[in-house]
Each structure stands twice: as C-alpha cells, then as structure tokens.
Amino acid sequence: MKLAVSDYDGTLYFAAREDTISTADCDAIAAWQRENKFVLATGRDYRFLQNVLPANVHPDAYVCLTGAIAYDASGKLIYQRAIENACLRQLLTLKCLSKSAHIAYFAPYSLFVEVQDEGSWFRSQKPCRYETIDRFFASCLKGICQVNLQYEDDTSAQKAADEINSLVPSVKACATGIAVDVVAALVDKASGVRELCRQLNWHLERIIAFGDGENDLPLFAAFDGFAINTAAPKIKEKARGIYDSIAACLLAQS
C-alpha cells in the first residue's frame, strides 16, 4: 500500500482557475484510493476543509495547520503539537505582529482572531466561525497549534517570518504569499505525516507528496516529492518530478 500526500492551495485547488477541485483530480484521487491511501497536508484548518471539499473527495486522513495537528477520516483528533504558552507570549511581543491585518490563533476545534485592520480576510468570514479576542486574552491561550498573520505584500510577509525565526527560536514561521504561518519549532508537514502513520498503524511501501510552496519542502526532503508546474523555481528544484496536475502525477505513480 502506498500513501499520496497533497497540499491543498495551489496544488489541488487553484482559486484563480476554478471554484473547486477539478473533476479529473477528484476522479484520480478516488481511483488511487481503491488500493492506496490519500491524505491532505495543508496549512489550513480542518473546519475550513470540511466546508470546501467536494462531496466526492474523502481523504483517509488530514494533516492540518502545517503539520501541527492531524485527524482521521471521520474528523477525530489523533495528534497535536501546540505552541508552548510562554513561546506564544514571547511571539506576541514582536513589532512585526502589529503590521499584520490580523492575528489568528488555531486550536484543534477552535479559532480565535484579533483583527487589526479592516483589510483582514477574516472580515469576510461569518462571525460565528471564530471568536474575536484581544491581545491580553490571546496571551492566556493554551493549546494553540498555529498562529496565522496577513501582510500587505509578499516582501513584508517574508520579512516578518525572518524576524520571528531569528527572535523566537522555539517557533517556526513560514511565509506563503502574503500569509505567515507560525508553528512550534519541530513541526512541519513531514513530521505530521510520520506521526499520522504511526498513530494509525499504516505500513506503507512508499510515500509520495505533491506541493507547490515552501512549507511543502519538508515533504520533498522526507518522501518522494513532486511539484505542480505552477510552483516557484526554487520549489521545482527540490522535486523529483513536475506535473500539470494531481491527476497526472497519481496516474504516473500508480
């Protein structure tokens, strides 16, 4: 049995092209799952995925929040690695956070948001989907697995990620476009996949991974990694191969 691990944004779903995952990719995933396993590994949270995945896409498990948390096919929590509260408080003292449109704090089944600018994409979210908090309340939170930030442009996001990584070594920040995701230092998608397989007692002959972003590079280093052709050159350089779609890659690797 083999395992295919896929990123979501920019790999399986392309916001600029279509409203949902392509029919070809949905069919290819279903065909793959007749004999193998399919897992989504993303910086997104589980609740978001449940709202956007097509009815005919049923991953065998989910690695969410950049590897900090994992769920089985039914949505049962099977693994989490939270940011220590002391580390979170240290993170909240950094000046770069004041320039973010929001500070979002993700726990396994909860989302807390401190909106700092009307340009935050959380302004378009229904209020019932998250709890609005202030910085003092945020400093008391425990069990937070990922912090998400939003900046004006890619350069500002990367600058913030670099500042966080240099000043708070107990966490790890990764910029993807204008977003920055912050998790505990030893967390990444590859570690999340390994822990998922251990918890579910999956014995696999091979793990292949598909991605397009910097937070997919740990997957490429740990497993057989393949990039989508829209990925940045530095991502493609680390891949074993490049494909136009998940469907094309699954067919070639079957």
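These exercises, each with a worked solution, look at the pockets, a cavity, a pair of helices and one tyrosine in a predicted model.

**Exercise 1.** Describe the largest pocket by its volume, its lining and the elements that contribute to that lining.

*Solution.* Begin with the volume, which for the largest pocket is about 970 Å³. Next, turn to the lining, which is made up of 36 residues, and note that Asp9, Arg44, Thr176, Ala179 and Asp181 lie nearest the centre of the pocket. The elements that give two or more residues to this lining are helix 2 (46–52), strand 9 (146–150), helix 5 (154–167), strand 10 (171–176), strand 11 (179–184) and helix 8 (233–236). Finally, sort the lining residues by class, which gives 11 nonpolar, 13 polar and 12 charged.

**Exercise 2.** Find the residues that line the second largest pocket, and divide them by class.

*Solution.* The second largest pocket holds about 190 Å³ of space.

**Exercise 3.** Work out how many cavities of 30 Å³ or more the whole structure contains, and describe the largest cavity.

*Solution.* A search of the whole structure for cavities of 30 Å³ or more finds one. The volume of the largest cavity is about 40 Å³, and around it stand Asp45, Tyr46, Arg47, Tyr71, Phe106, Ala107, Pro108, Tyr109 and Ser110 as lining residues. Six residues of this lining are nonpolar, one is polar and two are charged.

**Exercise 4.** Decide whether helix 1 and helix 9 are roughly parallel or roughly antiparallel, and then describe where they meet.

*Solution.* First, consider the axes of helix 1 (residues 23–32) and helix 9 (residues 246–253), which come within 8 Å and cross at roughly 30 degrees. Angles under 35 degrees count as roughly parallel, and the two helices are therefore roughly parallel to each other. The crossing of helix 1 and helix 9 is left-handed. On the side of helix 1, the residues that meet the partner are Ala24, Asp25, Ala28, Ile29 and Trp32, while helix 9 brings Ile246, Ala247, Leu250 and Gln253 to the contact. By class, this contact has seven nonpolar residues, one polar and one charged.

**Exercise 5.** Locate tyrosine 243 and list its contacts, leaving aside its neighbours within four places in sequence.

*Solution.* Tyrosine 243 is placed in strand 14 (residues 241–243). With those neighbours set aside, the residues in contact with tyrosine 243 are Phe226, Ala227, Ile228, Asn229, Ala248, Cys249, Ala252 and Gln253. For asparagine 229, compare sequence with space: tyrosine 243 and asparagine 229 are 14 residues apart in sequence, and 5.7 Å apart from C-alpha to C-alpha.

Notes
Residues numbered from 1 in each chain as written. Predicted model: local features only at pLDDT ≥ 70, side-chain atom pairs only at ≥ 80, totals over all residues. Heavy atoms only, no water. 1 Å grid on protein atoms, 1.4 Å probe; cavity = no way out; pocket = protein on both sides within 12 Å on 5 of 7 lines; lining within 4 Å. Points joined across faces, edges and corners; volume = space filled by probe spheres on them. Nonpolar A, V, L, I, M, F, W, Y, C, P; charged D, E, K, R; others polar. Axes fitted to C-alpha atoms, helices over the stretch in contact; angles between N-to-C directions. Parallel < 35°, antiparallel > 145°, perpendicular 65-115°, else oblique. Left-handed = near helix turned anticlockwise from the far one by under 90°. Contact = heavy atoms within 4.5 Å.
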